[in-house]
Amino acid sequence: MTTATEVLQRCGELDRYSAHPSHLERVYLSPQHAAANAAAADWMEKAGMRTWEDEAGNQYGRREGRVPGMPALLLGSHLDTVPDAGSYDGMLGVVMAIAVVERLRERIDDFPFAVEVVGFSDEEGTRFGKALLGSCAASGTWDEDWWELRDKQGLTLHKAFLEFGLDPRRVGEAARRPEELIGYLEAHIEQGPYLEAADASLGYVTTIAGARRFKLSILGEARHAGGTPYERRQDALVGAAEAISAIERLAKASECIATVGRIEVMPGAVNVIPGRADFSLDLRAETDDRRDAMWETMSTQIEALCDARGLEFRSVETHRAPSMPCADWLTDAVIDGITSTGDPRPMGLWSRAGHDGMAIGAVTGIGMLFVRCFDGISHHPAEAVREIDVARGLDAFEGAVLHLARSMQADS
Ligand SMILES: [Zn+2]
């Protein structure tokens, strides 16, 4: 049986496969990606699985159920990281999935489905600026336009595939068909503070929020900072400041979360009134309807406050992803798993962060188990999990898989 101690050790071992000796960075199609896949494959084989790497660099392991070739329950997460990453975002879910198979081993041989584990090759999008490349390939939603994406060195995704030893013409073969899978379950650190605040080790996910992103611009008039009296000013930056405050106030008053992460002011001189301010907006909510209604309210208010200052407001949408709800029957299994660890009323929460489930959800139902992380810190080397939470997480994950085997056994 694989213990929480061993799971944490394996996460630590994966830290070695980093592009930098002093901090963790493992990106898509890098030598470190190959090394992490090899380590995961080794653990999968030790857990009694047959292994392979697919045409998009995703690492798989499979253990057959009662009859060889049955559709599979897919367990997993991702093995790539952000720059200067923590040790658990993604990796914990892959290592826990392997541990669950290792714990169940011979019992899977009687299951009414096969069990597969996947380590997705790209979730974060660190190298090519496009997230979920690995899980999009697995869900058959690969976009041919992506081949021209470039990394910081100017290398195209197409060229990087070839250098990694993958054939770009065969990426379509990585796509899973709906009839091959019964569902996807992922364990992941929460990356937020809600479980910790509730004093809970584990939670289940209701839905993964889909973000909308905008490039917002406020246009005024650049003039002499000394010579222009207030009544003659059309200061784009003061307008942007009011807009950003309004964005925070409106999001706080709703159940949305909005972030302005970047701002650029033109002409950007100390003695010139700003004539233009361009800033970003990232907007998320539990449902697409709530998020879209929030944007309507925000844009109307920003429009009004710009009007009052004689400024012009423009917006361009740069990204839109639909939210991905978790499937009820998989969520029931996750809740049953958490309950079996002694938490009588597991906490449900929506994921503010994106996950592979958003992509693989296109071919099969998804369910997610969240594990509490220290202080909600993630995408940072201080990312940490408690051993007791990982131990409970393993029990709950195993319990969820057993729940599905029991319920499907009863159905057949
Ligand atoms: Zn992640």
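Guide: A polar contact is a pair of N or O atoms within 3.5 Å; within protein, one must be able to donate a hydrogen and the other to accept it, and residues adjacent in sequence count only if both atoms are side-chain atoms. This is a predicted model, where local features need pLDDT of at least 70, side-chain atom pairs count only at pLDDT 80 or more, and totals for chains, interfaces and linings use all residues. Residues are numbered from 1 along each chain as its sequence is written, and side-chain values use heavy atoms, with hydrogens and water left out.

Visitor: What makes the link between the side chains of Arg-62 and Glu-116 a polar contact?

Guide: Their distance is 2.7 Å. The limit is 3.5 Å, so the pair qualifies. The Arg-62 side chain also reaches the backbone oxygen of Met-70, at 2.8 Å.

Visitor: Why is Arg-62 called buried?

Guide: Buried means under 20% relative accessible area, exposed over 50%, and partly exposed in between, with a 1.4 Å probe and protein chains only. Arg-62 has 9%, so the label buried applies. Contact means heavy atoms within 4.5 Å. Beyond four places in sequence, Arg-62 touches residues including Gly-48, Trp-52, Ala-72 and Val-115.

Visitor: Which strand holds Arg-62, and how do you know that this strand pairs with S1?

Guide: Arg-62 sits in strand S2, residues 59-63. Strands (E, at least two residues) and helices (H or I, at least four) are DSSP runs, numbered from the N terminus. Two strands pair if DSSP finds at least two bridges between them. S1 (residues 50-53) and S2 have four bridges, so they pair. They run antiparallel. Arg-50 has Arg-62 as its bridge partner in S2. The two strands form a hairpin with five residues between them, and Gly-57 in the turn has a positive phi of about 80 degrees.

Visitor: What makes His-78, Asp-89 and His-188 donors of the zinc ion?

Guide: Donors are N, O and S atoms within 2.8 Å of the metal (3.2 Å for Na, K and Ca); water is not among the atoms, so sites may look incomplete. Here NE2 of His-78, OD of Asp-89 and NE2 of His-188 lie 2.0 to 2.2 Å from the zinc ion. These distances are inside the limit, so the atoms count as donors. Along the chain the spacing is H-x10-D-x98-H. Asp-89 is in the loop between strand S3 (72-78) and H3, while His-188 is in strand S5 (residues 181-189), 99 residues apart. Both Asp-89 and His-188 are buried.

Visitor: What makes a nonpolar core, and how many residues has the largest?

Guide: A nonpolar core is a set of buried Ala, Val, Leu, Ile, Met, Phe, Trp, Tyr and Cys residues joined through side-chain atoms within 4.5 Å. The largest has 59 residues; Leu-75, Phe-111 and Leu-185 are among those with the most contacts inside it. Helix H3 (residues 91-104) gives the largest share, 11 residues. A second, separate core of 43 residues includes Tyr-28 and Trp-142.
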